[in-house]
Every structure is written in structure tokens, then in C-alpha cells.
Amino acid sequence: MEVQAKSILSGRSLQYWRIAQILVGIIGLGIFFALIFFPEIGIHAFWNVLIPVAPALFVVAVGLWRNVCPLASTSLISRHLGLARNKKLKPKQQARLQLISVILLLLIVPLRHTIFDTNGPATALIISVLALIALYISFRYDWKSAWCSGLCPIHPVEKLYGRKSLFVLPNAHCKSCVKCVNPCPDSTPSIHPLTKKNKTLSLKIAGTLIIGGFPGFIWGWFHVQDYYNNEGWEHLILTYSYPIVAMLITLILFIVIKKIIINKYEILLINIFATAAVSIYYWYRLPALIGFGIIPGDGMLVDLTEYLPYWSPILLQILTTLFFAWWIILNKKETASWVIRPPYIKQK
Ligand code: SF4
């Protein structure tokens, strides 16, 4: 009973969440317009501030992001206003959307080197396209089933990294649960991309791809440079081949180990691969942000090479890797749900 009481947001606490959603939405809009009218600022704000913060946020408090993500709030406007059609997706359709979301992620991310990392309006365009798709499918289908827990290309990463939340927040979008998706990633403790609760083939493929392939994919991605002035289109094959080949190597490794080990170690294996993915990301990303990147200038927010000792990036790399290994693998914290499930109601 106590959990249910806390799960219903109302009055002042609901207002606070709405204010937080509006504030994050305004920041999101600010970045969006900066990408178009002040591309240099917009690119730094989006690719070199917002995106580098996101994986760490997914690791420690993915529910917070799920509650305030501007794209989620945009996509759910029709539902909040009571205009959505609330069509139910069949489990197979839901699973297919999740497989497409992994494929979208793997297709879009390499294009950062080709165009998005260096071209503000192009980044604004892809955000607009994703926002329109999110708006349309969330208007047609029930709650978060089609976008936030379906087609959103960030969702597979949330499920991979969001293994242990620092705190469990109320659900700031769903006032009541209509079981729009099963299992609900927000409300199911211990959710991960290969959850046994949905055995659809598409979900198995999506889960295996993201868990096994993502560490290699990220490693390969960081070994390709950013291209300027449309030059990237000439290097498209190279841009994709590095992350895809590295992805196949870790994917095969994951599949082989998973076949060998006994079932009770499967979660440990998933946690190790999740840790590897997020650690590799920050291993390369943090030094690049302060000017120590392996490809000079790429992804640099501020050049601190003259002010920091040469060993500072190594210290950052060791500390972040130790932190993620502790948080995701060693920490005995219960794997709680991202947010509290609101009370269930039967939809008419
Ligand atoms: S809490 Fe219920 S309504 Fe909300 S996303 Fe999860 S399953 Fe859907």
C-alpha cells in the first residue's frame, strides 16, 4: 500500500515534475535552435555536453532521464491531452520495434563522423525527424509502447546500462498503468535487454546485438575521425566498417561465452558487457573532451592539454572504469525498477 501511495503523483509533487519537464524541454529547444543558428555552440552543447552525460545518467538514475527526456515529453503530449488513439501493439510488433531501434542506433551513430558531429543543421534535422516519428507513433499507439519503450534508438542503451538505479522515482508520465508494454522497462525490477519475460525472436536478436556488440561497436567508433565539409560521404565504408567489424568480434565473444556458461552466470555476463561498453565510452570520451583524445580536436569541449599533467587522462580512465565495474558488477545493490509502477487500471 505504501508503495502505491508514493506511486501516484499529484498536487505539488506532480507540479514539480511538470516544471522539471518544461525546464528540460526549454533547454532542449535552446540547443535545437543553437544547432541551426549558432552551430558551433549547438554542437558543443549537444554532442559534447548532453550526450557525454547521458550514459552515466543511465547507469545511476535512468528513471530520472525517462521522466524528463524532452523527446519523451514531446511524444506523450497527445496522450497527456487525451488526444491519442491508444492502440495496443501486439507483443510481436513491440519486439520488432525494439529490434528496429537497435538497428537505428547502429545506423545513426556512425553518421556522427560523416556529418552530424560537424554540422549543426544536419543534427537539428535528424532530431526533428525522430521527434516527428515519436509524435506520430505515440499519437497512434498506447502510452510509451511505440516510442519510449519501442522505436527510440536510445532505449536499448537505457536497458543495457540501467542495471542498478541510485533511487526509484515516481513515474512522472503514467498516472496509472494500462500495461501498454509487457514487460514495462520502467517498472520491472532487474530489466535487461535479454529479459526472459518476452521470448520473441526479434527481442532475442535485439538484446544479443546490443549486449554483445555494443562494447566493440563503441571501441570501433572511437577509432574513426570526424569529417568536415561533406568529405565524410567519401569515407562512408570506412566509417561503418570499424564499428561494425569490432562489434562482430565482441558479439561472437558474447555468444560463445553465453553458450558455455551455466544459466546462473548469465546476469553476471550481461553486467560485464554493460560495464565494458560504458567504460570504453568514457575511456575515450573523457580525454577527448579535454583535448587528450586519440584523434586531435575530435569531440573536444575545452583544450586543457597545457594545464593538466600528461597522466590526468589515464587517471580519469582508471577511475571511471573502476566506478562502473563497482556500480554495475560488484555493487550488491538490488536491481530495482527505474520508476515506481503506478496503480493498474483496465482501459475501456
Ligand atoms: S507504467 Fe504501465 S502505462 Fe506506463 S509505460 Fe509502463 S506499462 Fe505502460
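Helices (H or I, at least four residues) and strands (E, at least two) are taken here as DSSP runs, numbered from the N terminus. Counted in this way, the chain holds 14 helices and two strands. The radius of gyration, taken over C-alpha atoms, is 20 Å, close to the 20 Å that the globule rule gives for 348 residues, so the chain is as compact as a globular protein of that length. The globule rule itself is 2.2 Å times the number of residues to the power 0.38. Along the principal axes, the C-alpha atoms fill a box of roughly 60 × 55 × 35 Å.

The model is a predicted one, in which local features need pLDDT of at least 70 and side-chain atom pairs count only at pLDDT 80 or more, while totals for chains, interfaces and linings use all residues. Residue numbers start from 1 along each chain as its sequence is written.

A residue is called buried if 20 or more other C-beta atoms, placed from the backbone, lie within 10 Å of its own, exposed if 12 or fewer do, and partly exposed in between. Buried residues account for 42% of the 348 residues. A nonpolar core is a set of buried Ala, Val, Leu, Ile, Met, Phe, Trp, Tyr and Cys residues joined through C-beta atoms within 7 Å. The largest such core has 48 residues, and I218 and A277 have the most contacts inside it. Helix 13 (266-289) is among the elements that give two or more residues to this core, as are helix 3 (39-68) and helix 6 (91-108). The largest share, 13 residues, comes from helix 13. Two residues are in contact if their C-beta atoms, placed from the backbone, lie within 7 Å. Leaving aside neighbours within four places in sequence, A277 is in contact with L160, F214, P215 and I218. A second, separate core of 14 residues includes A72, L76, Y141 and C148.

The backbone also has some details to look for. Most residues other than glycine have a negative phi, and most peptide bonds are trans. The peptide bond from N182 to P183, however, is cis, with omega near 0°. P183 is found in the loop between strand 1 (169-170) and helix 11 (201-221). S190, placed in the loop between strand 1 and helix 11, has a positive phi near 65°. S190 is partly exposed, with 14 other C-beta atoms within 10 Å.
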